[in-house]
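Please keep the structure in view while reading.

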2 protein chains.
Amino acid sequence: MSRERRAKALEQFAEKNLDAFLVTSLHNIRYLSGFTGSNGALLLFPSGEAVLFTDPRYTLQAGQQTDCKVKIAKGPMTGIIGRFLAKRRPLKLGIEGDHMTVTRQQALNKTLPAVTEIIPFSGSIEKLRMVKDASEIAIIRKAVNANAQALENALKRWKPRMSEAEFASEIDHQNRKLGAEAPAFDTIVAAGPRAALPHAHPGLTNTGGGMILIDMGAFHDGYASDMTRMVYAGTPPAKYKKIYKAVLEAELAGIDAVRAGVTAVSVDKAVRAVLTKHGLEDKFTHSTGHGLGLEIHEPPRLGKKDKTKLVPGMAITIEPGVYIEGWGGIRIEDVVLVTERGCEVLTPLTKELRTV
Amino acid sequence: MSRERRAKALEQFAEKNLDAFLVTSLHNIRYLSGFTGSNGALLLFPSGEAVLFTDPRYTLQAGQQTDCKVKIAKGPMTGIIGRFLAKRRPLKLGIEGDHMTVTRQQALNKTLPAVTEIIPFSGSIEKLRMVKDASEIAIIRKAVNANAQALENALKRWKPRMSEAEFASEIDHQNRKLGAEAPAFDTIVAAGPRAALPHAHPGLTNTGGGMILIDMGAFHDGYASDMTRMVYAGTPPAKYKKIYKAVLEAELAGIDAVRAGVTAVSVDKAVRAVLTKHGLEDKFTHSTGHGLGLEIHEPPRLGKKDKTKLVPGMAITIEPGVYIEGWGGIRIEDVVLVTERGCEVLTPLTKELRTV
């Protein structure tokens, strides 16, 4: 698996005539080598040779996880990579410009022959990661299912006196019980008018009366899930029902628009068209969705600008929302998998209007 | 508060004749401006003028949190900062080399006049942050107390059938209930022989028989706590008692060595001397401790190399450990506050040998 991914990565650089490419994003290192440690760097050579650098804490783990050569660095890693490279006398070295600090590049420069040309790239490996392979899809499916189950389990323990923060913590607890490594982002529980803040931080507000917006996700085997559901504590008034229906219609239109070959922006447009019909377009203040995988937010971005064409195997969210200051907000979010003719909705939970 | 901190920051650059200094670490921005948002940059000028850049999500929040001028950037922030600076025609611009990517520096370069000299600095603001002021100490005290209470609460819910992961999740849950924003790091619960791994990730191993190593911390109002305690499920054998006693003796010797004017390395030496006396020096495979504050790991590092002199107001951990492969490990960790004549142990929990 890793070997095939590395071959694809090298294809991207073929015409640049690089002598080596240095990967420093931990997510990209995991993707290309299998290594999951918290410190590392990966050197790729056009010959197919791949060398993983890490520190003594990971000697055993690196040997088990990767098919790359492993070099254990005692002391500052940049110096050791630089000296290793200096021996190979590379003329052109590619680096990940988004994942290397200015200080680290300076340290690397000092150890390399003066003739070396360092070329920063942006988003090259991330572009490959957009399309998930079978093993990744299986993990994402598992993560999405567990996240849905965690909400069901947490709702069974919900009590009218609970604060947003208490319920958010219950959700995280249930996700962990189902095997999650960590939340994929700070769980959002926003009650009543606070649901109008798309990124509300759970606080002491009571969840016992009115709308509750719940946006939650967790990492399983390194891959993120992401889901938003609304629950109404009590009997929802007509306005809530009406807006809920409009957002759901928009979300379903987004799902309907997803298929191989269409652009990310066209899915966003399909969602906005429904909200415009309901006179709610200006209340939808963020993008329709995003890719997810080893990170919670990955390309493509389903917004007003990104013209990336959808490809089978992309895992993306569809998450329209309507936010009305002083009243509240409604968002509905699923993870879907792009297929040749449409998409598969991975999130297993109902989107019927729900009350507690 | 923020204004005084900015004045101190500028003093550091006085002799470099900078025209401006660009702060891009979110922790350093918070420290120098009060702003806690997830996107921002702060420009400091020798005149005392300070300009905070952030995006439209934070218009209201930035206005409330900071006494700096606020500029709201619609679109890529680097370009907007660059154009703002270009108008001022700086000749020498300091940047945080550890907190700026190569890609971002390239984008900044493009918008600045060609005569601008960009000078990367490392660790300048972090150096100031080592010594906590009264408001910071009050928050750290609160965070450390809550973390101790969370362990007590979690232990009341401990059951012999619980896995490491379940108990770790219970600890996180209790910390959240006490107002923590998030864990300060992945909580460690390591049972039996797994306690020999200093950074064990909680797994399915049962905690019902033998030693349990618990290393936990959480953020309160942005500041981290950190604590390690041992609990023995059952009746501890003689070897456990003996090694526990040796580690505790080493930890107390470390605390005893802390006072204003001594070096970080001398505290590490005092700890190692005790373990050497017990023939355990080679089983202590990490450093004695570290500073903590807005980040869980801050300078100074109490290890074999750091010669930083301790100063009243530094908050540091003392955390010796002994790790024996196949048997287990024992670590005891407190947070202490450096004072003129010694230190104050902030962690309120007993270090008597404890069983469940």
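Two strands are said to pair if DSSP finds at least two bridges between them. The model discussed here is predicted. By that criterion, strand S15 (residues 315–318) of chain A pairs with S18(A) in the antiparallel sense, over 4 bridges.

**Strand S18 of chain A and its partners**

- In the pairing of S15(A) with S18(A), Ala315(A) stands opposite Leu337(A).
- S18(A) also pairs with strand S19 (residues 343–345) of chain A, in the antiparallel sense and over 3 bridges.
- Here Leu337(A) stands opposite Glu344(A) in S19(A).
- S18(A) and S19(A) form a hairpin, with 4 residues between them.

**Burial of strand S18**

- Strand S18 (residues 334–338) of chain A is largely enclosed by the rest of the structure, because 5 of its 5 residues are buried.
- Both faces of S18(A) are covered.
- On one side lie the buried residues Asp334(A), Val336(A) and Val338(A), and on the other lie Val335(A) and Leu337(A), which are buried as well.

**The contact between chains A and B**

- On chain B, 21 residues are in contact with 21 residues of chain A.
- Two elements of chain B, helix H5 (102–111) and helix H8 (164–177), each give two or more residues to the side that touches chain A.
- H8(B) provides the largest share of that side, with 7 residues.
- By class, the side of chain B that touches chain A has 6 nonpolar, 9 polar and 6 charged residues.

Key
Residues are numbered from 1 along each chain as its sequence is written. Chains are lettered from A and ligands numbered from 1 in the order in which they are written. This is a predicted model: local features need pLDDT of at least 70, side-chain atom pairs count only at pLDDT 80 or more; totals for chains, interfaces and linings use all residues. Two residues are in contact if their C-beta atoms, placed from the backbone, lie within 7 Å. Ala, Val, Leu, Ile, Met, Phe, Trp, Tyr, Cys and Pro count as nonpolar, Asp, Glu, Lys and Arg as charged, and the others, Gly among them, as polar. A residue is buried if 20 or more other C-beta atoms lie within 10 Å of its own, exposed if 12 or fewer, and partly exposed in between; C-beta atoms are placed from the backbone.
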